[in-house]
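Hi! Here is the structure I promised to pass on to you. Have a look at it first, then read my notes below.

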Amino acid sequence: MGRVETIIVMLAIPTFFYVVGGLILNNASGREPALKQLQAANQMPLGRKLFYGKADFQDYWNALKDPTARGAEQRFLKLDLFFPFVYCGALAASLLIGRSALGWPSSPVWLLAPVVATMLADWTENLLQLGQIKRLLAREALQEPWIWAASAATTLKWLFLAGTSVLLLRLVWLLLRKPA
């Protein structure tokens, strides 16, 4: 495979799996009614925010008025536990393709570390949110420290994902500059 084709594959794999996987995840969970209710209440899903607290969590859940939307959001968060395998796997594959194309003989551990960190942060975020939703459904008090931990995990997920994307773009840049 030539250099241009390699670069196209490196960029296409994670883009495709992130976009298509996200669409499949939304459809499989039936999340559309929940997203519409959140939008109507001028709310966004917590996973798209960088910082949120107890009041934000409560507002987010209260914006989901009917049980169907609430159930869909819970299904989404449960299914989303598998999504990091998809998008992080695609990112890892692209990074390894770039490593191979550049002829780097070193261990891929450091190259894949931010991908693993992204996965761990994503799982932490979802598990903590699901735990707090379970408390809300049981009419128990929200646990602010765990909500802050979920918020921190969300922020770390986005930071590590951005860092991994920059790393991928750096590999593309190195491939473009590599002598033929």
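This is a predicted model: local features need pLDDT of at least 70, side-chain atom pairs count only at pLDDT 80 or more; totals for chains, interfaces and linings use all residues.

Phe-16, Phe-17, Leu-79, Phe-82, Phe-85 and Val-86 make a nonpolar surface patch of about 580 Å². Nonpolar side chains (Val, Leu, Ile, Met, Phe, Trp, Tyr) are joined within 5 Å, and like charges within 9 Å. Areas come from the Shrake-Rupley method with a 1.4 Å probe, and for residues only the protein chains shown count as cover. Helix H1 (3-29) and helix H5 (83-102) are the elements that give two or more residues to this patch. Helices here are DSSP runs (H or I, at least four residues; strands are E, at least two), numbered from the N terminus.

A quick word on the ground rules: residues are numbered from 1 along each chain as its sequence is written, and side-chain values use heavy atoms, without hydrogens and water. Local features need pLDDT of at least 70 and side-chain atom pairs 80 or more, while totals for chains, interfaces and linings use all residues.

Now the rings. Phe, Tyr and Trp (its six-membered ring) pair if their centres lie within 6.5 Å; planes under 30 degrees apart are stacked, over 60 edge-to-face, and the rest tilted. That rule gives seven aromatic pairs. One of them is Tyr-18 with Phe-83, tilted because the planes are at 40°, with the centres 5.7 Å apart. Tyr-18 lies in helix H1 and Phe-83 in helix H5, so this pair ties together parts 65 residues apart in sequence. Phe-83 is buried at 9% relative accessible area, whereas Tyr-18 is partly exposed at 35% (buried is under 20%, exposed over 50%, partly exposed in between).

Phe-85 from the patch also pairs with Trp-123, again tilted: 5.3 Å centre to centre and 55° between the planes. Phe-85 is in helix H5 and Trp-123 in helix H6 (residues 109-137), 38 residues apart. Phe-85 counts as exposed because its relative accessibility is 51%, and Trp-123 is partly exposed at 23%. Tyr-18, Phe-83 and Tyr-87 form one aromatic cluster.

Finally, the whole chain: how many helices and strands does it have? There are seven helices and zero strands. Of its 180 residues, 42% count as buried.

Notes. Patches are made of residues with over 30% relative accessible area and no salt bridge: like charges are joined within 9 Å, nonpolar side chains (Val, Leu, Ile, Met, Phe, Trp, Tyr) within 5 Å. A salt bridge is a side-chain nitrogen of Lys or Arg within 4 Å of a carboxyl oxygen of Asp or Glu. Buried means under 20% relative accessible area, exposed over 50%, partly exposed in between (1.4 Å probe, protein chains only).
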